[in-house]
Amino acid sequence: MQTFDFDLFVIGGGSGGVRAARMAGQRGARVGLAEVADMGGTCVNVGCIPKKLYSYAAHFADSFEESHGFGWEGAAPTFNWETLKTNRAKEIKRLNGIYVNLLDGAGVKIIKGWATLVDAHTVKVGDKHYSAKNILISTGGTALVPAVEGHEHVVTSDNMFDLDPFPKRLLVVGAGYIACEFASIFNGLGSHVTQIHRGDKVLTGFDEDVRSFIAAEMTKTGVSFKFKTEVASITKKPDGLHIKTKDGENLTVDAVLYATGRIANASGLGLGAVGVEITAAGAIKVNEQYQTSVPSIYSVGDVTSRVQLTPVALGEAMVVVDQLFGPAEGKAQRSMSYEFIPTAVFTHPNIGTVGYSESQARDRFDKISVYRADFKALKHTLSGSTERTLMKLLVDDATDRVVGLHMVGPDAGEVVQGFAVAMKAGATKAIFDSTIGIHPTMAEEFVTMREPVKSP
Ligand SMILES: Cc1cc2nc3c(=O)[nH]c(=O)nc-3n(C[C@H](O)[C@H](O)[C@H](O)COP(=O)(O)OP(=O)(O)OC[C@H]3O[C@@H](n4cnc5c(N)ncnc54)[C@H](O)[C@@H]3O)c2cc1C
């Protein structure tokens with residue numbers, strides 16, 4: 001029988017890779033993990049976590065302003081960008097350490113460096129070869145910057161957390177969730193933000209009401225949108241970056257963020273030589289078991305370009321571990337469903353969503369009913385803010401099941417997470433109606449919407 005150095009070798013210590021390595025180690029497997037950068041991957045180092053910390057920082061600006069209506073007096077404190085950067089870096093370093101400790105604790109051997117495949121059972125890191133019965137590729141993705149004139153002057157989301165100096169004027173290119181979040185965050189921190197997008201609305205794929213509503217709310221907070229145009233060129237001059245747009249406008253800013261898409265980190269891994277197939281878009285092809293075209297090699301997370309979210313990478317990793325090493329004691333083998341994945345966008349205000357958008361629901365079901373509420377939250381009766389909240393429910397008339405739930409408003413992600421459980425369980429509108437609200441909250445609106453605004 002062939003013997004291997006490891007039962008599982010994981011390439012990439014991000015969300016998916018760390019989870020798979022740790023769980024496999026806990027089941028007694030011999031696991032190696034190669035990581036070329038800081039442990040934790042995109043989410044911990046340049047994604048979810050630092051972004052959410054900066055979003056908290058940006059929300060304080062509103063809180064100071066809104067406190068006056070509640071009797072708080074005095075000038076708002078000033079913002080120190082260096083303090084935020086230092087404190088964030090310290091926290092991320094702490095998290096990097098926790099990840100290393102978790103892996104150590106599970107007996108995983110960490111190998112620092114860039115890994116490439118040698119054959120179906122061998123990985124090379126530096127000048128060392130490691131053999132493994134199975135290999136898991138979880139190398140994530142990278143921001144893509146198009147070849148616009150002057151692209152060497154732009155930054156991607158990776159660079160936003162340590163910009164020096166703080167950009168007083170920021171241009172955000174793109175309209176996906178990362179673009180919108182950074183526009184809101186830097187606007188809240190005090191930048192003058194312009195967001196440019198070649199389409200006519202932000203957040204393609206989201207519910208149309210949500211898309212219009214958030215653009216209107218972000219505009220109220222100070223983000224200036226330019227739709228149906230593109231950047232033609234970027235020129236660096238002493239007073240900043242000079243932007244020409246395709247419709248002939250000129251604009252001078254201190255930084256340009258391109259958030260126009262991400263590609264899978266599938267190059268430089270030796271995939272072709274070993275026979276691991278990739279899709280036309282450059283992502284690793286996997287079957288329902290996350291197995292690549294080489295049966296001993298698996299792949300999860302952003303490098304497979306399915307749903308690019310941390311909890312999805314974690315879920316996929318756990319399915320692979322259960323398949324290879326059996327489920328945890330007393331538990332059933334896990335499976336992964338891509339239906340009703342809840343998600344949040346940390347714009348100001350936040351978006352929380354789960355299930356179908358109205359147009360998807362109309363395509364999918366014969367008849368649907370739409371329930372919608374658009375109101376000023378109780379807090380803003382005194383705060384002076386003009387912010388409004390949107391809540392929307394979509395119901396499949398044939399089954400009465402709630403198939404879409406959308407919110408634009410404070411802490412929408414926190415609110416929607418709980419409703420996502422109910423929706424996974426198949427909750428009907430009748431169950432929503434029979435649920436007692438928590439008063440006074442915004443969330444109670446989801447269980448008190450009596451009359452549809454639109455039926456079939
Ligand atoms: C700005 C931003 C904000 C985000 N916000 C959210 C959010 O709020 N919520 C959410 O759910 N998701 C969010 N995401 C997405 C989330 O970060 C990813 O879906 C998640 O990190 C994917 O995990 P992964 O394991 O596939 O890859 P990653 O976490 O990207 O990990 C891949 C790792 O592999 C390493 N690597 C690559 N190639 C090699 C190699 N050849 N050898 C060794 N190591 C290698 C990389 O250094 C990296 O550490 C955000 C992403 C970005 C960019």
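I worked from a predicted model, in which local features need pLDDT of at least 70 and side-chain atom pairs count only at pLDDT 80 or more, while totals for chains, interfaces and linings use all residues. Residues are numbered from 1 along each chain as its sequence is written, and side-chain values use heavy atoms, with hydrogens and water left out.

**Strand β20.** I looked up the burial of β20 (residues 389-396) and found that 8 of its 8 residues are buried, so the strand is largely enclosed by the rest of the structure; buried means under 20% relative accessible area with a 1.4 Å probe, protein chains only, and strands are DSSP E runs of at least two residues, numbered from the N terminus. In a regular strand, side chains alternate between the two faces of the sheet. In β20, T389, M391, L393 and V395 are buried on one side, and L390, K392, L394 and D396 on the other.

**Its partners.** I noted that β20 pairs antiparallel with β19 (residues 368-375) over 8 bridges, pairing requiring at least two DSSP bridges, and that R372 stands opposite K392. With β21 (residues 401-408), β20 runs antiparallel through 7 bridges, and L390 has V408 as its bridge partner. The hairpin of β20 and β21 has 4 residues between the strands, and D400 there takes a positive phi near 70 degrees.

**Cores.** In the largest nonpolar core, of 48 residues, I found that F9, I11, L117, I135 and I137 touch the most other members; such a core is a set of buried Ala, Val, Leu, Ile, Met, Phe, Trp, Tyr and Cys residues joined through side-chain atoms within 4.5 Å.

Conventions
Buried < 20%, exposed > 50% of the residue type's maximum accessible area, 1.4 Å probe, protein only.
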